[in-house]
Amino acid sequence: MVENILAILESPSASFALLGVLILIFFGLYLRKIKLTTKILINISLMLALSIILNQLRIYHLPQGGAVTLGGMIPLLIISFRYGTGIGTLAGFIFGLITIIQDPFILHPIQVLFDYPLPFMAMGLAGIFKDKIFLGTILAFAGRFICHFISGVVFFAEYAPEGTSPVIYSLVTNATYIVPELIICLLILKFLPIQRLLAAMK
């Protein structure tokens, strides 16, 4: 049995598949403790709709997926700051499923997991720092970057230029759109009356 486990762990795709499934299981167990009221569901729906609209306002879009938008993640961050990590990850999960329909780039079922639901679920991490929105935003984008980075190394290595390490390729490719997106969101949050918006959602 130990040999079988080691054989699975030697395969990057199998290892990350297990990791992704474990994250989703943990999320499902955590979500069972959350009470969703009508007001929360309405606010989630409104923020998701706004996020979908903003996500279409793209500055540029990479051929293999990934884009810089005009603050497409702001509504998801607001949900996380208002209601915390649990509901923030729920909103991100739903947004990830919608994104698969709108802008699919599918190579492998596990790649879909790490490029769609999990990265946007990471936006919920912002809820850890409700009173420090810039730190929370950076943490959320770091979580998103890790998910896309893993997908890039494991599933997009064939797109790397000859002689380029898949790790370097994934690092640079994902940084070219996630870092600008982070900067745009931080700038918007700096001038957005975020505390008034959060208070209005109460």
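I began with the surroundings of Thr137, setting aside neighbours within four places in sequence; the residues in contact with Thr137 are Leu77, Phe81, Ala126, Leu182, Leu186 and Leu189. The model I am reading is a predicted one. I placed Thr137 in helix H8, which covers residues 133-155. I then looked up its accessibility: Thr137 has 0% relative accessibility and therefore counts as buried.

Next entry: helices H4 and H5.

I took H4 as residues 74-83 and H5 as residues 85-102. I found their axes 7 Å apart, at an angle of about 155 degrees. Angles over 145 degrees count as roughly antiparallel, so I noted H4 and H5 as roughly antiparallel to each other. For the handedness I wrote down a right-handed crossing of H4 past H5.

Which residues of H4 and H5 meet? From H4 I listed Leu76, Ile79, Ser80 and Tyr83. On the H5 side I listed Thr85, Ile87, Gly88, Ala91, Gly92 and Phe95.

Next entry: aromatic pairs.

I looked for aromatic pairs in the structure and have 2 of them to record. One is Phe95 with Phe120, an edge-to-face pair with 4.9 Å centre to centre and 80 degrees between the planes. I noted that this pair links distant parts of the chain, the two residues being 25 residues apart. Phe95 belongs to H5, and Phe120 to helix H7, residues 117-121. Phe95 is also on my list of H5 residues that meet H4.

Are Phe95 and Phe120 buried or exposed? I have Phe95 at 0% relative accessibility, so it counts as buried. Phe120 is at 5% relative accessibility and therefore also counts as buried, the cut-off being under 20%.

I then went to Phe145 and Phe149, whose pair is stacked, with 6.0 Å centre to centre and 15 degrees between the planes. I placed both Phe145 and Phe149 in helix H8, the helix that also holds Thr137. Phe145 and Phe149 are 4 residues apart, about one turn of the helix.

How values were computed
Residues are numbered from 1 along each chain as its sequence is written. This is a predicted model: local features need pLDDT of at least 70, side-chain atom pairs count only at pLDDT 80 or more; totals for chains, interfaces and linings use all residues. Side-chain values use heavy atoms; hydrogens and water are left out. Axes are lines fitted to C-alpha atoms, for helices over the stretch in contact, and angles run from 0 to 180 degrees between N-to-C directions. Angles under 35 degrees count as roughly parallel, over 145 as roughly antiparallel, 65 to 115 as roughly perpendicular and the rest as oblique. A crossing is left-handed if the near helix is turned anticlockwise from the far one by less than a right angle, and right-handed if clockwise. Contact means heavy atoms within 4.5 Å. Buried means under 20% relative accessible area, exposed over 50%, partly exposed in between (1.4 Å probe, protein chains only). Rings of Phe, Tyr and Trp (its six-membered ring) pair if their centres lie within 6.5 Å; planes under 30 degrees apart count as stacked, over 60 as edge-to-face and the rest as tilted.
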